[in-house]
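Here is a short briefing on one protein chain. Look over the sequence and the structure, then read the points below.

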Amino acid sequence: GNTSDRPNNSEDLSFDGSMEDGLPRRYTFTTQVKPSDALYPDQDQAGEASLVSPIYEEEPDQQEIEIVPPKKKSKRIKKVEDYFQWDSLKPKEKDMYYDFVKTAKRAWADMAYEDAQVQKTVLDKIALLRFCIARNFHPKEVLDLWTKWVNWRVMYQPHKIRKRDIKHTAFRKCLYVSKKNKLGCPCAVISPGATNEVYDIEDVQKVVAYVLEKVSKKADKNGTTQFCVIFDRTNMKNKTEKKW
């Protein structure tokens with residue numbers, strides 16, 4: 001109970017207590033506490049020393065923080081003027097394209113389809129430019145091709161096909177999405193000799209739609225706007241008759 005023996009440094013957290021049954025009792029503390037409250041006996045009113053139970057300061061619970069990796073930024077081309085073929089177009093071809101954008105919007109409204117996802121895809125400015133290029137900017141041919149595409153997307157809904165929908169068919173081994181080439185374009189691999197099975201035509205159509213949808217989205221997202229097709233001729237000399 002002699003306060004003159006108390007250390008000034010609160011990190012000195014061990015001391016010898018009183019004798020109990022002839023054996024010395026040592027208290028050792030690993031948590032920093034107040035010396036006056038825990039390490040030394042207090043004086044009661046009678047002047048006799050009494051031991052005080054040590055007071056431990058509990059550390060607050062550490063909450064686990066989930067580290068979420070940042071999402072990759074999309075490099076999607078948003079302006080048609082940034083499309084790689086735009087600068088090579090003639091002025092009259094650009095004018096025809098702008099006219100077709102207006103025509104496509106009116107045609108979509110006349111179709112009266114209520115499908116926001118399809119609408120976003122078929123009225124995409126880059127997609128409309130691709131149709132113009134594919135038909136050499138002939139207005140009627142461009143509109144006919146685009147209209148057939150719109151009707152097919154509305155009826156078939158290729159964007160809703162999932163991997164689990166095609167996992168039962170072996171044809172998925174013959175057509176699949178691979179890695180990127182040196183230019184950064186995603187690759188689609190065609191490998192007819194991957195299996196010897198005969199395929200159901202509906203499964204083939206579903207796999208083709210799934211792969212083309214996926215590889216096209218990747219190409220648009222990374223800004224290349226193009227994908228590479230690799231034809232693998234391995235095992236093409238097998239004698240099995242294939243029905244595609």
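**A buried loop residue, and what surrounds it**

Thr225 is buried, with a relative accessible area of 9%. The cut-off for buried is under 20%, so Thr225 qualifies. The model is a predicted one.

**Thr225**

- Thr225 sits in the loop between helix H6 (201-221) and strand S7 (228-231).
- Leaving out residues up to four places away in sequence, Thr225 touches Ile77, Tyr83, Phe84, Arg130, Ala219 and Asp220.

**The whole chain**

- The protein has 244 residues, and buried residues make up 30% of them.
- Its secondary structure comes to 6 helices and 7 strands.
- From the N terminus on, the order of elements is β-β-α-β-β-α-α-α-α-β-β-α-β.
- Take the contacts between residues at least 6 apart in sequence: 64% of them join residues at least 24 apart.

- Asp124 caps the N-terminal end of H4. A side-chain oxygen of Asp124 lies 3.1 Å from the backbone nitrogen of Ile126.
- After H4 comes Asn136, whose phi is positive, near 55 degrees.
- Which residues of H4 are buried? They are Ile126, Ala127, Leu128, Leu129, Phe131 and Cys132.
- The cover over the buried residues of H4 includes helix H2 (91-111), helix H3 (116-122) and H5.

**Helix H4 against helix H5**

- H4 (residues 125-134) and H5 (residues 139-156) pack at an angle of about 130 degrees. Their axes are 9 Å apart.
- That angle makes H4 oblique to H5.
- H4 passes H5 in a right-handed crossing.
- On the H4 side, the contact is made by Ala127, Leu128, Phe131 and Cys132. On the H5 side, Val142, Leu145, Trp146 and Trp149 take part.
- By class, the residues of this H4 contact with H5 are 8 nonpolar, no polar and no charged.
- Ala127, Leu128, Phe131 and Cys132 are also among the buried residues of H4.

**Helix H5 against helix H6**

- The axes of H5 and H6 come within 13 Å and cross at roughly 110 degrees.
- H5 and H6 are therefore roughly perpendicular to each other.
- The crossing of H5 and H6 is left-handed.
- H5 contributes Trp152, Arg153 and Tyr156 to the contact. H6 contributes Glu202, Gln205, Lys206, Ala209 and Glu213.
- How do the residues of the contact of H5 with H6 divide by class? There are 3 nonpolar, 1 polar and 4 charged residues.

**Val215 in helix H6**

- Val215 lies in helix H6.
- Is Val215 buried or exposed? Val215 is buried, with a relative accessible area of 0%.
- Val215 and Cys187 are 28 residues apart in sequence. In space they are 7.1 Å apart, C-alpha to C-alpha.
- Cys187 is also one of the residues that Val215 touches.

Notes:
Residues are numbered from 1 along each chain as its sequence is written. This is a predicted model: local features need pLDDT of at least 70, side-chain atom pairs count only at pLDDT 80 or more; totals for chains, interfaces and linings use all residues. Side-chain values use heavy atoms; hydrogens and water are left out. Axes are lines fitted to C-alpha atoms, for helices over the stretch in contact, and angles run from 0 to 180 degrees between N-to-C directions. Helices (H or I, at least four residues) and strands (E, at least two) are DSSP runs, numbered from the N terminus. Angles under 35 degrees count as roughly parallel, over 145 as roughly antiparallel, 65 to 115 as roughly perpendicular and the rest as oblique. A crossing is left-handed if the near helix is turned anticlockwise from the far one by less than a right angle, and right-handed if clockwise. Contact means heavy atoms within 4.5 Å. Ala, Val, Leu, Ile, Met, Phe, Trp, Tyr, Cys and Pro count as nonpolar, Asp, Glu, Lys and Arg as charged, and the others, Gly among them, as polar. Buried means under 20% relative accessible area, exposed over 50%, partly exposed in between (1.4 Å probe, protein chains only). A polar contact is a pair of N or O atoms within 3.5 Å; within protein, one must be able to donate a hydrogen and the other to accept it, and residues adjacent in sequence count only if both atoms are side-chain atoms.
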